[in-house]
Amino acid sequence: MTTPFADDTSRTPPPGCPAHGLDTQGLGGAGLDATGLDAAGLDPHGLDAAGLRRLYGPEAEADPVGLYEKLRAEHGEVAPVLLHGDLPAWLILGHSANLTAMRTPSRFSRDSRRWSAFQQGKVAADSPLMPVIAWQPLCVFADGEEHKRLRGAVTDSLNRFDRRGIRRHVTRFADQLIQEFGPTGRADLVAQFAERLPMLVMTQVVGMPEEYGPQLVDAARDLMKGTETAIASNDYVVATLRRMMDRKRVSPGADLVSWLMQHGAGLTDDEVLEHLRVVLLAANETTVNLIADTLKLVLTDPRFRAHLSGGHMTLPDALDQVLWDSPPMSLVAGRWATGDTELGGRRIKAGDMLLLGLAAGNTDPAVRPDLAKPLHGNRSHLSFGGGPHECPGQDIGRAIAETGIDILLTRLPDLQLAVEEEELAWVAPWLSRHLVELPVSFAARTAQAEAEADSAAPAAPAVLAASAPPGLPGLPVPPMPSAPPAAQAPLLAPAAVPRQRRGWWSTLAGLFRR
């Protein structure tokens, strides 16, 4: 992924940035001044004049895990870092320190309006941080009683679902996807499976007609990948949800839209719409990563493939290992200090931003001295968050991943990686790490082979246990542009998705220029 805003003037360092003190006219042939800093105020190792590292840019995107370990070696559990625009923040690297920040909202608030950079006017309206940290009327940005009201509505509504019914949806859609590429003997399991299955299932949870699924899959992929039609796709998602709300007022059903609108918490239409959008987009994005990374591990690590086929390791165990090693979200932004405090030996000032380092916390030597040691059944990882802001849909995301992968491996037991493992590539913007593609080959599945497999396949396992682990953290999605109600307008397919030419943040920050 390209550096955000590579094509506009927002790259100009803000007032107070060390780069303003440089003689950029005196840069040498290597692009460095006499002090060894480039025009952005960084040395060749990504350090600015104060010795702070950026969480975005070439070094961070090329090797985020390596960057976290450098920061841990230099600073310990909590490290000072720079965000887009060289705005300061604290990255929490320690497992225990992350849990402290998650579990003590009295010290570390979720309300981004507390950020001192906001209050001091240092965050530009078109900052690439805005899609993630701009306050919205969501439970993920609320504390106290307001958080209880909003979260209670979402939790109560999600808990009303028939868990076996969710599993049936996953099985049906997974079978449909496999039937599409099965006859070819080849597939990209990212584009043709992982990126499609979660949204197809979630449309049923929300209460949409099945025919909406393919269009919303395309729109969500377009939006989250940040193509030039991302804003149009966002408008499509918003308009679709508004139509659903209008219809459910007249004909309510056993679905998330109806239950949120009917809940005693009295959510406004905007609050219902915002939370539906988070469920569809944020939960989809994290589940896509979870499915893709688990499939990659099963296909490339001989220990896991042998154990799975030999019955010594369950699929949930393999999934837990992935959640330790490759969290769906590397970082969660953020928490804001409610007053002067201390964390991990660092003095934190009121209004400072803190970033939950989920990936870094999962590799903390204090809890994992040997990263090669398997962690079968250990679910104390940070990947699903903790404290009052655990995702209320905590078992649905995991059910989609476990059931979908189980169906895939059952239908195509001879799956093999079609390229060398070293050829696999990721994009790693500051919040997460995405597998670009996962090419596989297998024996082409004829209609007769499918029928034989169906008759021989065992019943799908019950993966939605009552003691499900904490859920995926609520990843804030970009604030919605205003859109007029369109209850009577016909549904239109999202704009055709072109080849990606701009970064996700660059495109979505355009929402704040309108």
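Here are some notes on this predicted model, point by point.

1. **Ground rules.** This is a predicted model, so local features need pLDDT of at least 70 and side-chain atom pairs count only at pLDDT 80 or more, while totals for chains, interfaces and linings use all residues. Residues are numbered from 1 along each chain as its sequence is written, and side-chain values use heavy atoms, with hydrogens and water left out.

2. **The overall picture.** The protein has 19 helices and 13 strands; these are DSSP runs numbered from the N terminus, helices being H or I of at least four residues and strands E of at least two. Of its 514 residues, 56% count as buried. Buried here means under 20% relative accessible area, exposed means over 50%, and partly exposed is in between (1.4 Å probe, protein chains only). The protein exposes about 21,100 Å², with carbon and sulfur atoms supplying 53% of that; the areas come from the Shrake-Rupley method with a 1.4 Å probe, and for residues only the protein chains shown count as cover. Take the contacts between residues at least 6 apart in sequence: 72% of them join residues at least 24 apart. Contact means heavy atoms within 4.5 Å.

3. **The six-stranded sheet.** Six strands make an open sheet in the order E1-E2-E3-E9-E6-E4, with mixed pairing. Strands E1 (53–54) and E4 (108–109) are at the edges with a single partner strand each, so one side of each has no neighbour in the sheet. Two strands pair if DSSP finds at least two bridges between them. E4 and E6 pair antiparallel over 2 bridges, and Ser109 has Trp336 in E6 as its bridge partner.

4. **Strand E9, worth a look.** All 5 of the 5 residues of E9 (residues 353–357) are buried, so this strand is largely enclosed by the rest of the structure. In a regular strand the side chains alternate between the two faces of the sheet. Both faces of E9 are covered, with Met353, Leu355 and Gly357 buried on one side and Leu354 and Leu356 buried on the other. E3 (residues 87–92) pairs with E9 in the parallel sense over 3 bridges, and Leu91 has Leu355 as its bridge partner there. E6 (residues 331–337) runs antiparallel to E9, joined by 5 bridges, with Trp336 opposite Met353.

5. **The three-stranded sheet.** The order in this open sheet is E5-E13-E10, and the pairing is antiparallel. Its edge strands are E5 (186–188) and E10 (416–417), each pairing on one side only. Between E5 and E13 (residues 439–441) there are 3 bridges, and Ala187 has Val440 as its bridge partner in E13.

6. **The nonpolar cores.** Which residues touch the most other members of the largest nonpolar core? They are Leu189, Phe193 and Leu197, out of 87 residues in that core. H13 gives the most to this core, with 16 residues. Apart from it lies another core of 46 residues, including Met102, Trp115, Met130 and Met353. For the record, a nonpolar core is a set of buried Ala, Val, Leu, Ile, Met, Phe, Trp, Tyr and Cys residues joined through side-chain atoms within 4.5 Å. Leaving aside neighbours within four places in sequence, Leu197 is in contact with residues including Phe173, Leu177, Ile291 and Ile400.

7. **Salt bridges.** The whole structure has 19 salt bridges, each being a side-chain nitrogen of Lys or Arg within 4 Å of a carboxyl oxygen of Asp or Glu. Arg411 and Asp175 form one of them (2.9 Å, N to O); Arg411 lies in H17 (residues 396–411) and Asp175 in H7 (residues 163–181), so the pair ties together parts 236 residues apart in sequence. Both Arg411 and Asp175 are buried. Lys148 and Glu145 also meet in a salt bridge (3.6 Å, N to O), but here Lys148 is exposed at 56% relative accessibility and Glu145 is exposed at 59%.

8. Asp293 is in helix H13 (residues 269–300). This residue is buried yet has no salt bridge, and the nearest side chain of opposite charge, Arg433, is 5.6 Å away. For charge, Lys and Arg count as positive and Asp and Glu as negative, with His and the chain ends not counted. Not counting residues up to four places away in sequence, Asp293 touches Val322, Ser326, Trp426 and Leu435.
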